[in-house]
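Good morning, and thank you for coming.

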Amino acid sequence: AREHLIRRTFESLEGVPTAIVHLYNSTSPLQRRVTFGKSKEEVKAIAVEGTKLVKGLVSTLPDTQIRFQYSPESFSDTEVDYALEICEAVMEVWEPAEEEPIILNLPATVEVATPNVHADQIEWFCRHMKERSKAIISLHTHNDRGTGVAATELGMMAGADRVEGTL
């Protein structure tokens, strides 16, 4: 969620017919304290300001259909109510619609818990969202514990809509 990287991303999209612009920032207690040295409100502001910038730059690419994706990085180690608070603040700025939902990617950046706990986090998040119909909940699990597939399967059963992965 850094301004120069966001602007460079939009420069790179010149001539692209469709794109997903993915914005993320670290949100876990450790990252708030060590990486940023910022409070919850200050870290949420990073996500909100990044989203405002992306939204403002969309008009610079009138021939590109842009979808927006936001990730509270290290979702699995972030207080789930705080992750939801940040995501809803981002949604408030982006103003998604049911026909054009935002993608909320909930990454298990570090697999800190068993798959059932991860699924509980996803289920809680989905059940407590104010405008669930305006979001695609996307999972990106890691395999630190060797249970990435199980965490993904249970996360899908808990209410997620899609899976993202890296080989």
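Thr141 is buried, with a relative accessible area of 17%; buried means under 20% relative accessible area, exposed means over 50%, and partly exposed lies in between, computed with a 1.4 Å probe on protein chains only. This is a predicted model, in which local features need pLDDT of at least 70 and side-chain atom pairs count only at pLDDT 80 or more, while totals for chains, interfaces and linings use all residues. Residues are numbered from 1 along each chain as its sequence is written, and side-chain values use heavy atoms, with hydrogens and water left out.

Thr141 belongs to strand 4. Helices (H or I, at least four residues) and strands (E, at least two) are DSSP runs, numbered from the N terminus. Which residues does Thr141 contact, leaving aside its neighbours within four places in sequence? They are Ala108, His118, Gly148, Ala151 and Thr152, where contact means heavy atoms within 4.5 Å.

Two of these residues also make polar contacts with Thr141. A polar contact is a pair of N or O atoms within 3.5 Å; within protein, one must be able to donate a hydrogen and the other to accept it, and residues adjacent in sequence count only if both atoms are side-chain atoms. The side chains of Thr141 and Thr152 are joined by such a contact at 2.7 Å.

Thr152 sits in helix 6, residues 148–157, and is buried at a relative accessible area of 14%. A polar atom of the Thr152 side chain lies 2.8 Å from the backbone oxygen of Gly148. Apart from neighbours within four places in sequence, Thr152 is in contact with Leu139, Thr141 and Val163.

Which of its residues are buried? They are Gly148, Ala151, Thr152 and Gly155. These residues cover an arc of only 100 degrees around the axis, which puts them on the same side of helix 6; the arc is that of the directions from the helix axis to the C-beta atoms. On the other side of helix 6, Val149, Glu153 and Met157 are exposed. The cover over the buried residues of helix 6 includes helix 5, strand 4 and strand 5 (162–163). Just after helix 6, Gly159 takes a positive phi of about 130 degrees.

Next comes helix 5. Helix 5 spans residues 115–128, has 14 residues and reaches 20 Å from its first C-alpha to its last, close to the 20 Å expected at 1.5 Å a residue; the expected span is 1.5 Å times one less than the number of residues. Its buried residues are Pro115, His118, Ala119, Gln121, Ile122, Phe125 and Cys126. Seen down the axis, these buried residues fall within an arc of 155 degrees, so they line one face of helix 5. What covers them includes helix 4 (80–94), strand 3 (102–108), strand 4 (135–141) and helix 6.

I turn to the sheet. Strand 2 (residues 65–73) runs parallel to strand 3 and is joined to it by 2 bridges. Tyr70 has Leu104 in strand 3 as its bridge partner.

Two loop residues deserve a word. Ser74, in the loop between strand 2 and helix 4, has a positive phi near 60 degrees although it is a residue other than glycine. Ser74 is buried at 7% relative accessible area. Glu95, in the loop between helix 4 and strand 3, is likewise not a glycine and has a positive phi of about 60 degrees. Glu95, however, is exposed at 57% relative accessibility.

Finally, the cysteines. How many disulfides does a search of the whole structure find? The search finds 0, a disulfide being a pair of cysteine sulfur atoms within 2.5 Å. For Cys87, the nearest cysteine sulfur is that of Cys126, 11 Å away. Cys87 is buried at 0% relative accessibility, and Cys126 is buried at 11%.

Definitions and conventions. Pairing = 2+ DSSP bridges.
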